[in-house]
Amino acid sequence: MTQGRILIVDDDESVRRFLATLLTALGHDVASAESGEQALRRLEESPRPELVLLDLILPGIGGLEVLDRIRESHPLLPVIVLSTEGRLKTVVDAVKRGASDYLTKPFGEQELTLAIRNAFEKQLLRDEVRTLRRRLDAGGAGELVSGSEPMLHIREVARQVADTDAPVLITGESGVGKEVLARFIHAQSGRQEGPFVKVNCAALPQDLLESELFGYERGAFSGALRDKPGKFELAHRGSILLDEISEMSPHLQAKLLHVLQDGEFSRLGARRSLSVDARVLATTNARLAEAVASGSFREDLYFRLDVIRIEIPPLRERRSDIPLLCEHFFRLYADKYKSAVRELPPDVLEAFVAYDWPGNVRELENAVRRYLILPSLKGSLPVRPEAIVAPAGPGPTIPGPPPGSGPAAGGSLRAVATRAAEQAERELVQRVLEETRWNRREASRRLKISYKGLLNKLKKWESRPGGTE
């Protein structure tokens, strides 16, 4: 099986023969050209090369001119230039003109292999970035930016419940994207042409929150000079998002319960009730069941809201989403800030994938914005590429990946995301096993995988828990 067709451009027959023999042995399909003119013709033949090894000293058309023509006709084709010692200025010029890498003759087999592998991986990264851009463009407004299994499941659940009028309770840590999911549900529903109204229940004093939610009549209180509709009226035939609903006072909880039960409410100072048709979506980063147990949240309201509950996992448990989110935020803010940065460097991306993000997606978004504005200040980022070490937890542990294969190791975007996803899965399994005291059947039930599937994962990771079944 070939690993990519390579075009060798060199006027020295012995060099062409040596490189062709070596690359063929490594599994590459090889084509050769002894001049710039012949190389340009080879580029139009089928199958076309996927990489070019280009000597800078050629008869006729020089190597730099060949490079310029390749960049014009095949701007995405990787080119590795070959030069002799003492031609540093020419090499620098070639890199500025778009060469992917350079090798100085004489070079060893290992140097050549590494340069080729790096060139192919950079090309793969560019291809995947373009794919991500197409996916983001296709997603449009209200689309979730994610590719991880937990979020794909959440997206599917959200699609299924979107067309119902049942309340949806969205839980998760601060910054995980609860509002984004709420907007996605609205956009997928039959109410998408109606308004989407957001109310932050923690941002206003409770007396102001009541008038904000339900409105007031003229003369209802000092300063009420005219009628004002509330957010529920503004959300008629649409959706209303009650953000941080756990912060709502018991008095307002009772009024909200009445709206959920009967679809009616009264403005402050009004003598009559108003009917409203608004789908209620609620979010919280608190544990409402504990709030009910402590008496700070009404049990009847909790059960009204808890018809459909969706919990969004923190970003550290779905690391494979980080490259997609980085690309999304990069494209969102690069033009806005007129940033000179054209892409996130691999070390920054890998550091982002490995970092735990206590502030979740919101913190990641701010980090990308900060880098676009101040790319020279990597120290201003929440994590430095060279300082990523995962602390070992207490008790039995599931072995991690071998040194050099973790998220901070080199590789393509796909490889980084895959390693990150596996590491996140390993950490999740480890935590659930510890919570169940290594009862593997209970752990498999909580993880929603088969018992045999869990055993296979543990065997793969060479775990020796010595627990119960």
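Keep in mind that this is a predicted model. Strand β1, residues 5–9, pairs with strand β3, residues 51–55. The pairing is parallel, and it runs over four bridges. Look at valine 9: leucine 54 in β3 stands opposite.

Now zoom out to the sheet. How many strands form the sheet, and in what order? Five strands, in the order β2-β1-β3-β4-β5. The sheet is open, and the pairing is parallel. Which strands stand at the edges? They are β2, residues 29–33, and β5, residues 101–105. Each has a single partner strand, so one side of each is left without a neighbour in the sheet. From one strand to the next, the twist averages 20°.

Next, a helix pair. Two packed helices are described by the angle between their axes and the distance between the axes. Ours are α6, residues 149–162, and α7, residues 178–188. Their angle is about 45°, and their axes are 8 Å apart. The two helices are therefore oblique to each other. Their crossing is right-handed.

Which residues meet there? From α6, we have Ile154, Arg155, Ala158, Arg159 and Ala162. From α7, we have Leu181, Phe184, Ile185 and Gln188. By class, that contact has six nonpolar residues, one polar and two charged.

Technical notes. Residues are numbered from 1 along each chain as its sequence is written. This is a predicted model: local features need pLDDT of at least 70, side-chain atom pairs count only at pLDDT 80 or more; totals for chains, interfaces and linings use all residues. Side-chain values use heavy atoms; hydrogens and water are left out. Two strands pair if DSSP finds at least two bridges between them. Axes are lines fitted to C-alpha atoms, for helices over the stretch in contact, and angles run from 0 to 180 degrees between N-to-C directions. Angles under 35 degrees count as roughly parallel, over 145 as roughly antiparallel, 65 to 115 as roughly perpendicular and the rest as oblique. A crossing is left-handed if the near helix is turned anticlockwise from the far one by less than a right angle, and right-handed if clockwise. Contact means heavy atoms within 4.5 Å. Ala, Val, Leu, Ile, Met, Phe, Trp, Tyr, Cys and Pro count as nonpolar, Asp, Glu, Lys and Arg as charged, and the others, Gly among them, as polar.
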